[in-house]
Amino acid sequence: MKVEVKNLSNKAAGKIELDDGVFGVEPRRDILARVVNWQLAKRRAGTHKTRTVSEISGTTAKPFRQKGSGKARQGSLRSVQFRGGAVAHGPVVRSHAHGLPKKVRSLGLKSALSAKQAAGQLVILDTAGASGKTKDLKKALENFGWGSALVIDGAEVNEPFARAARNIPMFDVLPSQGANVYDILRRDMLVLTTEAVQQLEARLK
């Protein structure tokens with residue numbers, strides 16, 4: 001499919017051919033959900049922890065004799081049923097990450113790109129260049145009227161553009177290698193440079 005290329009002034013700067021195998025697939029909501037869950041699970045620190053019986057400080061003596069007291073037998077005052085004791089089945093330090101096949105990850109990214117294209121929320125820029133000043137970039141972006149946007153550049157992000165975008169709320173900049181389903185879906189608009197299109201098509205073919 002052919003799509004119009006624009007510059008930062010929101011004026012036409014030519015056309016580009018998008019690969020239907022990357023930008024024209026049928027979006028799969030189930031695949032998108034799986035990929036987002038996989039991404040967010042990897043981000044979890046997993047550092048929550050409660051103390052077990054062996055980690056509670058206190059006496060190791062038996063509270064009272066086994067028989068003859070009329071009370072339930074007890075082996076330790078550090079057990080979970082006593083105040084100040086351990087926590088039963090509490091969380092332990094662990095990784096929440098789980099595996100996801102490469103084909104599913106690839107299809108998830110294709111689905112996210114295709115969903116943005118189908119919804120009219122994909123914009124192709126000729127280049128992501130700026131003076132490095134937030135004020136100048138904000139003025140340029142007013143031509144588009146974006147509420148929130150993710151800009152994906154080529155192999156390396158244009159440093160002045162990224163610096164100018166750093167203080168703009170709901171506006172993110174990533175290199176093409178960092179393109180991911182979660183960041184694409186969490187912003188209203190997806191903005192790709194022509195170099196990013198080439199990089200993504202080469203990566204997902």
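Author: A crossing is left-handed if the near helix is turned anticlockwise from the far one by less than a right angle, and right-handed if clockwise. Please bear in mind that this is a predicted model.

Reader: Is the crossing of α2 and α3 left-handed or right-handed?

Author: The two elements concerned are helix α2, residues 29-43, and helix α3, residues 102-118. Where α2 and α3 cross, the hand is left-handed.

Reader: At roughly what angle do the axes of α2 and α3 cross?

Author: Two packed helices are described by the angle between their axes and the distance between the axes. The axes of α2 and α3 come within 9 Å. Angles of 65 to 115 degrees count as roughly perpendicular, and α2 is therefore roughly perpendicular to α3. The crossing angle is roughly 115 degrees.

Reader: Which element gives the largest share of the largest nonpolar core?

Author: The largest nonpolar core has 30 residues, and Phe-23, Leu-113 and Ile-124 are among those with the most contacts inside it. The largest share of this core is five residues, and they come from α2.

Reader: How many residues are in the second, separate core?

Author: This second core includes Leu-8, Ala-140, Phe-144 and Phe-161. It is separate, and its number of residues is 18.

Reader: Is Ser-79 buried or exposed?

Author: Ser-79 is placed in the loop between α2 and α3. Not counting residues up to four places away in sequence, Ser-79 touches Val-53, Gly-85 and Ala-86. Buried means under 20% relative accessible area. The value for Ser-79 is 16%, so Ser-79 is buried.

Reader: What is the relative accessible area of Ala-88?

Author: Ala-88 also has its place in the loop between α2 and α3. Ala-88 and Trp-38 are 50 residues apart in sequence and 28 Å apart in space, C-alpha to C-alpha. Ala-88 is partly exposed, with a relative accessible area of 45%.

Reader: In which strand does Thr-193 lie?

Author: Thr-193 counts as buried because its relative accessibility is 1%. Its contacts include Leu-125, Ile-152 and Asp-153, not counting residues up to four places away in sequence. Thr-193 lies in residues 189-193, strand β6.

Conventions: Residues numbered from 1 in each chain as written. Predicted model: local features only at pLDDT ≥ 70, side-chain atom pairs only at ≥ 80, totals over all residues. Heavy atoms only, no water. Axes fitted to C-alpha atoms, helices over the stretch in contact; angles between N-to-C directions. Helix = DSSP H or I, 4+ residues; strand = E, 2+ residues; numbered from the N terminus. Parallel < 35°, antiparallel > 145°, perpendicular 65-115°, else oblique. Core = buried A, V, L, I, M, F, W, Y, C linked by side-chain atoms within 4.5 Å. Buried < 20%, exposed > 50% of the residue type's maximum accessible area, 1.4 Å probe, protein only. Contact = heavy atoms within 4.5 Å.
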